[in-house]
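These are my notebook entries on a structure that I looked through one topic at a time. I write down each term with its cut-offs where I first need it.

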Amino acid sequence: MICSRYRLRPAFSLQALMLGFGARRLLTALLQPQPQRWPLQPSRDMRLVQFQAPHLAGPRLGLESGNDRGVIDLNAFDSTLPKTMIEFLEQGEATLSVARRALTASLPTLLRSEVTFLPPVTRPDKVVCVGMNYVDHCKEQNVPVPKEPIIFSKFASSIVGPYDEVVLPPESQEVDWEVELAVIIGKKGKHIKATDAMAHVAGFTVAHDVSARDWQMRRNGKQWLLGKTFDTFCPLGPALVTKDSVPDPHNLKICCRVNGEVVQSSSTSQMVFKTEELIAWVSQGRLPDRDTPRCRCIPETSGLSQEGRRSPV
């Protein structure tokens, strides 16, 4: 299950907007590392994290491990490993093989209470988002299912950790949330065919697309970019789950909790455009031939909150 959690905290000036996050739509973090080879063999639930701990210097790379999801310190296991996820992904199979060895070894773990989880990816080159990409979203809004993806973006500076507070900007009175499946691109590419798209995917994480609806929908010119990208409006994580650990990314339960309350519960099977199609669209501006958007629908009574308003759950 993909589940996003966050807390809301009011801010009294733009300077106070330091960290935050929230979402309800597919968010794809497009990185630009060097080409690499990906392993063919499956990993054992590879869940990569970035974290900090009081007794350790600077950010570290780790693995969530075991039923209690304790954290293996990868940099302690191998001091030659990079300490940021982007550098780790850039090295491809060389670093992934080290992480696989650490996962199968009997290593001590840090308790979750001992660490602070950072976003699994920080400062990506691009954060590409897709609007109206859930069938029940379209039904709720009484609008046609899109025939082409609706693309927008967030600033990388809006990304924060999975348990950081979302700061409510005083400039907005309508801050809203949307939980999302996030796709992490780990291999550089352009004009990518849908059939080749998964070779460019490093893994998946959970994202929260926080939106200032008054800026997005009602300010002069409908300021989508500004409404979507206040500081703290994109929490990510905690874990980057490698693609070979996810049998079907389009058949995952997905939910959102705000201040401990479940406000969304649905499935990625509702996505109109799947991961492969979106990568092809973003990288070359065209989709494979198709008559109508394909989807696996769930009942109309779904509690998934959609763009523009919130459904009862």
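**Cysteines.** I began with disulfides, a disulfide being a pair of cysteine sulfur atoms within 2.5 Å, and my search of the whole structure found 0 of them. Cysteine 234 is in no disulfide, and its nearest cysteine sulfur, that of cysteine 129, is 6.7 Å away. I then looked up accessibility, where buried means under 20% relative accessible area, exposed means over 50%, and partly exposed is in between (1.4 Å probe, protein chains only). Cysteine 234 counts as buried because its relative accessibility is 0%, and cysteine 138 counts as buried because its value is 1%.

**How the values were made.** I note that this is a predicted model, in which local features need pLDDT of at least 70 and side-chain atom pairs count only at pLDDT 80 or more, while totals for chains, interfaces and linings use all residues. Residues are numbered from 1 along each chain as its sequence is written, and side-chain values use heavy atoms, with hydrogens and water left out.

**Helix α7.** Why can I call helix α7 largely enclosed by the rest of the structure? The reason is that 7 of the 10 residues of α7, which spans residues 275–284, are buried. I listed these buried residues as Thr275, Glu277, Leu278, Ile279, Ala280, Trp281 and Ser283.

**Salt bridges.** A salt bridge is a side-chain nitrogen of Lys or Arg within 4 Å of a carboxyl oxygen of Asp or Glu, and the structure holds 10 of them. One of these joins the side chains of aspartate 209 and lysine 154, with N to O at 2.8 Å. This pair links distant parts of the chain, 55 residues apart, since aspartate 209 is in the loop between β13 (201–208) and β14 (211–212) and lysine 154 is in the loop between β8 (150–153) and β9 (159–160). Aspartate 209 is buried, with a relative accessible area of 2%, and lysine 154 is buried as well, at 3%.

Next I looked at arginine 218 and glutamate 174, whose side chains meet in a salt bridge of 2.2 Å, N to O. Arginine 218 lies in helix α5 (residues 213–218) and glutamate 174 in the loop between β10 (165–168) and β11 (175–176), so the pair ties together parts that are 44 residues apart in sequence. Are these two partners buried or exposed? Arginine 218 is exposed, with a relative accessible area of 52%, whereas glutamate 174 counts as partly exposed at 32%.

Arginine 213 forms a salt bridge with glutamate 178, the closest N and O atoms being 3.6 Å apart. I placed arginine 213 in helix α5 and glutamate 178 in the loop between β11 and β12 (179–185), 35 residues apart. Arginine 213 is buried at 4% relative accessible area, and glutamate 178 is buried at 0%. Salt bridges that share partners join Lys154, Asp176, Glu178, Asp209, Arg213 and Lys228 into one network.

**Arginine 69.** My last entry is on arginine 69, which lies in the loop between β4 (60–65) and β5 (70–73) and counts as partly exposed because its relative accessibility is 26%. Leaving aside its neighbours within four places in sequence, arginine 69 is in contact (heavy atoms within 4.5 Å) with Asp45, Arg47, Glu64 and Arg112. The C-alpha atoms of arginine 69 and leucine 111 are separated by 8.1 Å, and these residues are 42 residues apart along the chain.

Conventions:
Helices (H or I, at least four residues) and strands (E, at least two) are DSSP runs, numbered from the N terminus.
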